[in-house]
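Let's walk through a protein model together, one step at a time. Have a look at the picture below, and then read on.

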Amino acid sequence: LLQKIERIQKDSPPYGETSKLACFLEILVMINRTFRHDRKGEEPSNFPKRLIPILDYINENLDGDLSLTCLEKKFYINTSYLSRLFKKNIGSNLHEYIIYKRISKAKKLLSEGYNANEASLLCGFNDFSNFSRLFKRTVGVSIRQYKVKVKNGIHYI
C-alpha cells in the first residue's frame, strides 16, 4: 500500500488525492485490526511489562521532568537499556515520543481555548520559542495558524 501511494504521488493521476487517502485508510484499518484485542486491560504478550509503568508515568507527567536521568532514578533502569527498549518497542526514541505526546496535549489545550504560553507551560516546555518551533515542525503550521483553523472547524491529526 505504501508503494502504491508512492506510485500515485509520482504519477499524479486524476483523483490521485482520493486514491492516496483510500490507501491510507486501508493502512489504518490494518493497523487497527492488528492491535485490537478482545481481552480488555491486557497488553500484548510480547510487549515488555517493564515499559508499561514508564509509559503511564510519561502520559501522566507531561508537564514535568521526563529526562532519561529522571526516568532512570524513578524506575531503577539503566538509561542505555531504556533507550534500546523504547526504540525497539515504540519505534521512536524516548525524546521523540515525549515531544509527540507534549505537542498532542498542546493541540488539545489550544483547541480548548488556552493561549499558547499557557499550553506550552502545561505541556512541559520551559522555553516558548522552542515550543513554537517544535509545534510548527510537528504539526506543519504555526500555533497561530492552528488556532485559526481549529476555530474554523478544521482539525489536524
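Start with H3 and H4, which pack at an angle of about 125 degrees with their axes 11 Å apart. (Axes are lines fitted to C-alpha atoms, for helices over the stretch in contact, and angles run from 0 to 180 degrees between N-to-C directions.) That angle makes H3 oblique to H4, because angles under 35 degrees count as roughly parallel, over 145 as roughly antiparallel, 65 to 115 as roughly perpendicular and the rest as oblique. Which residues make the contact? On the H3 side they are Pro-53, Ile-54, Tyr-57 and Ile-58, and on the H4 side Cys-70, Leu-71, Lys-74 and Phe-75. Here, contact means heavy atoms within 4.5 Å.

A word on where this comes from. This is a predicted model, in which local features need pLDDT of at least 70 and side-chain atom pairs count only at pLDDT 80 or more, while totals for chains, interfaces and linings use all residues. Residues are numbered from 1 along each chain as its sequence is written, and side-chain values use heavy atoms, with hydrogens and water left out.

Now step back to the whole chain. The protein chain has nine helices and zero strands; both are DSSP runs numbered from the N terminus, helices being H or I with at least four residues and strands E with at least two. Of the 157 residues in the protein chain, 31% are buried, where buried means under 20% relative accessible area (1.4 Å probe, protein chains only).

Let's return to H3 and look inside. Its buried residues are Ile-52, Ile-54, Leu-55, Tyr-57 and Ile-58, and the buried residues of H3 pack against H4, H5 and H6.

This leads us to the largest nonpolar core, which has 19 residues. A nonpolar core is a set of buried Ala, Val, Leu, Ile, Met, Phe, Trp, Tyr and Cys residues joined through side-chain atoms within 4.5 Å. The residues that touch the most other members are Leu-51, Ile-54, Ile-58, Leu-71, Leu-82, Phe-86 and Leu-94. Two or more residues each come from H3 (52–60), H4 (68–75), H5 (79–90) and H6 (94–111), and H3 gives the largest share, five residues.

Technical notes. Buried < 20%, exposed > 50% of the residue type's maximum accessible area, 1.4 Å probe, protein only.
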